[in-house]
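This report describes one protein chain, residue by residue and then as a whole. Please keep the sequence and the model in view while reading.

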Amino acid sequence: MRSFDYVRARTPEEAVEAFTDRPGARYLAGGTNLVDLMKLGVERPTTLIDVSRLPLDGVTELPDGTLRVGATVRNSDLAAHPLVRDRYPVLSQALLAGASGQLRNVATTGGNLLQRTRCSYFQDPGKPCNKRRPGSGCGALDGVHRDHAVLGTSPHCIATHPSDMAVALAALGARIELYGPEGARTVEATDFHRLPEEHPERDTEIRPGELITGVLLPAAAAGLPSAYRKARDRASYAFALASVAVVLRVADGQVGQVGLAFGGLAHRPWRARVAEAALLGEAATPAVFASAVDLELAAARPLPDNAYKLPLARNLALDVLARLTPAPAPLPPRR
């Protein structure tokens, strides 16, 4: 590992100033992804700016019912928080599906959003990867791509985003709070991560020097039936082959509100806008669910070894939608 400088920031303003003054700097919170990439030689920061002790470790209910989650809240604490478990079970379930208990005790909300792909070509400096070194090619296209993306790919990259938490945030319609040299702003969770297109090296819409300060969970989704389900190669500590997060409100047999997002299928959490539009206002029946999900997945462009992800994701989505749909009221007894 190369040598680097270390700075501990006490405020977001101090962190951003330190970053701006030091080309090649990186923010460090839990370090569960960044430190691994440094060991592999993928990340080579000149300075680590420690933001783990910033006053961003609380979960606060705002006057309008929005729940604000600070960027340094640990994943294990967020999953166990009573307001999150009661109002946003999909988020609690997604967090508990990610990593191991030891890692969840260290990993932070902001760091979870900024983790980079686990593609083996990206993690090996000896292999071609446009995300790591633009213009070098994508080794996965003609190589090992069983775990790779089937939606939103480009000729330059077919990597998937690894976060479980981010999939739940997409389905919930959460917003990301940022602070940087130009001040504070918020970005929709669904717009925060980028598709690869011509620049796969750019994972997110975060600007140079910006720091995630929090996540806003909308009041409109609070208390609605929601769930997260994940398929993986082993029962614990494995990234999703496919996953689904669903927020669903059914009234009088019709879909009144829906948020649906897939994980493990794309370069970012995939908000299923086509399926949502097909479901809204329609009867909450298995046939309608199947038709909507099929419309969404029709845009997929699988490769030979990852085509299995489509039926896998379809079955996960249909199962969760069915589980969240209330049973019809029994018919009155005959007189």
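Ser-3 is exposed, its relative accessible area being 71%. The classes are buried for under 20% relative accessible area, exposed for over 50%, and partly exposed in between, with a 1.4 Å probe and protein chains only. Between the C-alpha atoms of Ser-3 and Ala-149 the distance is 35 Å, at a sequence separation of 146 residues.

The model is a predicted one: local features need pLDDT of at least 70, side-chain atom pairs count only at pLDDT 80 or more, and totals for chains, interfaces and linings use all residues. Residues are numbered from 1 along each chain as its sequence is written, and side-chain values use heavy atoms, with hydrogens and water left out.

Thr-47 belongs to strand E3 (residues 47-50) and is buried at 2% relative accessibility. With neighbours within four places in sequence set aside, Thr-47 is in contact (heavy atoms within 4.5 Å) with Phe-4, Asp-5, Tyr-6, Val-7, Arg-22, Gly-24, Ala-25 and Arg-26.

## Helix H5 and the residue after it

Helix H5 covers residues 89-97 and includes Ala-94. Seven of its nine residues are buried, so H5 is largely enclosed by the rest of the structure. The buried residues are Pro-89, Val-90, Leu-91, Ser-92, Ala-94, Leu-95 and Ala-97.

Which residues does Ala-94 contact, leaving aside its neighbours within four places in sequence? They are Asp-164, Met-165, Ala-168 and Tyr-228. Ala-94 has a relative accessibility of 1% and counts as buried. Its C-alpha is 8.0 Å from that of Ala-245, a residue 151 positions away in sequence.

Ala-99 follows H5 and is located in the loop between H5 and helix H6 (101-104). The phi of Ala-99 is positive, about 55°, although the residue is not a glycine. With a relative accessible area of 31%, Ala-99 is partly exposed.

## The loop between E10 and E11

Asp-252 is in the loop that joins strand E10 (242-251) and strand E11 (254-263). Asp-252 is not a glycine, yet its phi is positive, about 55°. The relative accessible area of Asp-252 is 84%, and the residue is exposed.

## Arg-194

The loop between helix H9 (189-192) and strand E8 (211-217) contains Arg-194. Is Arg-194 buried or exposed? At a relative accessible area of 10%, Arg-194 is buried.

The Arg-194 side chain comes to 3.3 Å from the backbone oxygen of Arg-202. Not counting residues up to four places away in sequence, Arg-194 touches His-199, Arg-202, Asp-203, Thr-204, Glu-205, His-267 and Arg-268.

## Helix H12

Leu-310 is part of helix H12 (residues 309-324). The relative accessible area of Leu-310 is 18%, and the residue counts as buried. Apart from neighbours within four places in sequence, Leu-310 is in contact with Val-150, Leu-297, Ala-300 and Pro-302. Leu-310 and Leu-265 are separated by 45 residues in sequence and by 8.5 Å from C-alpha to C-alpha.

## The chain as a whole

The protein chain has 12 helices and 12 strands. Its radius of gyration is 20 Å, close to the 20 Å that the globule rule gives for 335 residues, so the chain is as compact as a globular protein of that length. That radius is taken over C-alpha atoms, and the rule is 2.2 Å times the number of residues to the power 0.38. Along the principal axes, the C-alpha atoms fill a box of roughly 85 × 50 × 35 Å.

Of the 335 residues, 52% are buried. Among contacts with a separation of 6 or more, 62% are between residues 24 or more positions apart. The chain exposes about 15500 Å², and carbon and sulfur atoms supply 52% of that area; accessible areas come from the Shrake-Rupley method with a 1.4 Å probe, and for residues only the protein chains shown count as cover.

Conventions
Helix = DSSP H or I, 4+ residues; strand = E, 2+ residues; numbered from the N terminus. Polar contact = N/O pair within 3.5 Å; in protein donor to acceptor, adjacent residues only side chain to side chain.
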